[in-house]
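Here's a quick walk through one structure, helix by helix and ring by ring. Have a look at it first.

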Amino acid sequence: MTSPLIVTFVQATILNAISNVLAQLIDQRNNKAPFTLNTVALLQFVGYGILIVPPNFYWQRALEARYPGFPTRAEFSKVFSLRSLKSICSPRSWLSIFSRAPPEDSLPSHKEKEKHVRWAPRTQPSGLRSFVMKFFFDQTAASIVNLVLFVVVINLLKGESLKKSWDLVVLDFRPLMSARLKYRPLVSVLMYTVIPVDRRVVFGSACGVIWGVYLSLYAGV
């Protein structure tokens, strides 16, 4: 049986190749030139994808292991209920999303705790809390690392020095992040509410075909 990583690797690589070919079509059409496949640019972009898929695959698994589960309909209903909307400005209400501890007045006494400690079921993590944390890390740490790696790796593959590649990171990080934030939040919402963990990298690649076109155009296709 083929491993999930291999399946993800092959599918994401195909989608990255499609993105680059589409970018070349757009670029050459804008320049009113007959289409000629730039094989070197295609291999560079696919090479970047080959290097980036495994870290992202295991990153998604690590996130799911640390913050397992999906938010339930009941949790969403509770958050977006009229009563919750009235108290949305209360810091205490937001902190309760991230807290696993029950309210103080509901805690059992010391004797009750000692009596039932052997039989107490393990507390299930909040699906909503897991969603919020995965969404947060995807929009911050994962986005930053992926953009830096893209600029550095793609320019190294084009023959630039490491110093030149880092200078380009400093120069282009803000516009690239701004462009990423126009589509990635919606993708993340779907990833962390309905998509199984081993399908998230491929799902992100499928949703990001247009993003791949944008990156290819940035890289000079």
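Predicted model: local features only at pLDDT ≥ 70, side-chain atom pairs only at ≥ 80, totals over all residues.

Residues are numbered from 1 along each chain as its sequence is written, and side-chain values use heavy atoms, with hydrogens and water left out.

**Two crossing helices**

Let's start with helix 1 (residues 4–30) and helix 2 (residues 39–66), whose axes come within 9 Å and cross at roughly 140 degrees. Helices here are DSSP runs (H or I, at least four residues), numbered from the N terminus. Axes are lines fitted to C-alpha atoms over the stretch in contact, with angles running from 0 to 180 degrees between N-to-C directions. That angle makes helix 1 oblique to helix 2; oblique is what remains once angles under 35 degrees (roughly parallel), over 145 (roughly antiparallel) and 65 to 115 (roughly perpendicular) are set aside.

Contact means heavy atoms within 4.5 Å. On the helix 1 side the residues include Leu5, Phe9 and Val21, and they meet a helix 2 set that includes Phe45, Ile50 and Tyr58. By class, this contact has 15 nonpolar, seven polar and one charged residues (Ala, Val, Leu, Ile, Met, Phe, Trp, Tyr, Cys and Pro count as nonpolar, Asp, Glu, Lys and Arg as charged, and the others, Gly among them, as polar).

**Rings**

Rings of Phe, Tyr and Trp (its six-membered ring) pair if their centres lie within 6.5 Å; planes under 30 degrees apart are stacked, over 60 edge-to-face, and the rest tilted. The count comes to seven aromatic pairs, and here are two of them:

| Pair | Centre to centre | Angle between planes | Type |
|---|---|---|---|
| Phe45 and Tyr48 | 6.0 Å | 50 degrees | tilted |
| Phe131 and Phe135 | 6.0 Å | 35 degrees | tilted |

Phe45 and Tyr48 sit three residues apart in helix 2, so about one helical turn separates them. Phe45 is buried at 3% relative accessible area, and Tyr48 is buried at 9%. Buried means under 20%, exposed over 50% and partly exposed in between (1.4 Å probe, protein chains only). Ring pairs also link Phe45 and Tyr48 with Phe150 into a cluster.

Phe131 and Phe135 both lie in helix 7 (residues 127–157), four residues apart. Phe131 is buried at 11%, whereas Phe135 is partly exposed at 24%.

**A buried helix**

Which residues of helix 10 are buried? They are Arg200, Val201, Val202, Phe203, Gly204 and Ser205. That's six of the eight residues of helix 10 (residues 200–207), so this helix is largely enclosed by the rest of the structure. Its buried residues pack against helix 1, helix 2, helix 7, helix 9 (184–191) and helix 11 (209–218).
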